[in-house]
Amino acid sequence: MASDKWSKAPKLSLYSGEGNGQGRTYKDPTDGDSLWPSVTTVLKHEDKSHLVQWAATKVAERARDRPDIVLGDPDVVVQRLQYAHNDFRDERAEVGTGVHAWFQAQHEDTWDYPELDDEQYEMTQRLEEWLVDWKVKIIWVERTIRGDGYMGTGDIYAEVTDPLTGETFLVIIDIKTSKNLWETHDMQLAALGNGLYTLVEVPEGTEGAFKRKGKTKKEDSWWVRGPAPRVDSGDVHLAKLHIREDFYDMVLVDPRLIDLHYEKFIAYTHIQDIERRKKEAVK
């Protein structure tokens, strides 16, 4: 498994314990250090009832694999089993984090590569195949986008050529290493594809740059606004790049549904804001 070193949050997100306590929060240094919920935090309001059976199965699997827990001290059985699904979720998230870190190092020439396990290594090989098959020309990787009431970080913005149709187009891509793909992934991409601007880190002293104060002086950084690739331009597509050990699949978001995915996402931003105000009202 990849080191905890690679479980790093986007640079403009707040440190643990900061923000409004309702999930990951970003700070926009180009807008008076205003605070905004992350896209993934907003999407936590999406109905998760379809995951109830999945969670129960993961707890049952842990019980099957750990008879020492089941047959051990009855006072701690529940405590040691009830969060088995969260443990599995976090392990899978760490797999994706390592693959993302590898891709970023590969295409920013930092040579700051993570230590990969066998599963992650195979996934990076599928990424290499995708780069060749789709004639990928990277424009940027891991860039934070400010939207209307939210912020999020896009994995890849690139020009690609469909190997089947020969069509060349621009696309915002989200790398997914999970077993399944969900509608929330489409909403996430729709939010990123309707951004107001991107936040670009620049060297200290850059004209017009805004300072993002870090936890220490060494962690200070400087930012400017850049253009956001927008789906309403008609030139930008959205896609999930589904990566597993033994295959990759470039899954385009149906353009007929993008506006509806975004409309649904924006509805969740209103719920997020209501929950924030409720919490402030009883402080």
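Student: Is E183 buried, partly exposed or exposed?

Tutor: E183 is partly exposed, with a relative accessible area of 35%. Keep in mind that this is a predicted model.

Student: OK. Which residue forms a salt bridge with E183?

Tutor: K264 does, and the closest N and O atoms are 3.5 Å apart. This pair links distant parts of the chain. E183 is in helix α7 (residues 183-192), K264 is in helix α8, and 81 residues separate them.

Student: And K264 itself, buried or partly exposed?

Tutor: Partly exposed, at a relative accessible area of 30%.

Student: What about E46, buried or exposed?

Tutor: Buried, with a relative accessible area of 10%.

Student: Why would such side chains pair at all?

Tutor: Opposite charges can pair when the charged atoms come close.

Student: How many salt bridges does the structure hold?

Tutor: There are 17. Among them is the one between D174 and K176, whose closest N and O atoms are 2.8 Å apart.

Student: Are those two buried or exposed?

Tutor: D174 counts as buried at 3% relative accessibility. K176 is buried too, at 12%.

Student: Switching to α8. How many residues does α8 have, and what span does it reach?

Tutor: Helix α8 has 24 residues. From first C-alpha to last, α8 reaches 35 Å, close to the 34 Å expected at 1.5 Å a residue.

Student: Which residues of α8 are buried?

Tutor: I258, H261, Y262, F265, I266, Y268, T269 and Q272.

Student: Why might spacing along a helix matter here?

Tutor: An α-helix has 3.6 residues a turn, so residues three or four places apart point the same way.

Student: And what covers the buried residues of α8?

Tutor: The cover includes the strands β2 (34-37), β4 (150-161) and β9 (236-243). Helices α1 and α7 are also part of that cover.

Terms used. Residues numbered from 1 in each chain as written. Predicted model: local features only at pLDDT ≥ 70, side-chain atom pairs only at ≥ 80, totals over all residues. Heavy atoms only, no water. Salt bridge = Lys/Arg side-chain N within 4 Å of Asp/Glu carboxyl O. Buried < 20%, exposed > 50% of the residue type's maximum accessible area, 1.4 Å probe, protein only. Helix = DSSP H or I, 4+ residues; strand = E, 2+ residues; numbered from the N terminus. Expected span 1.5 Å × (residues − 1). Contact = heavy atoms within 4.5 Å.
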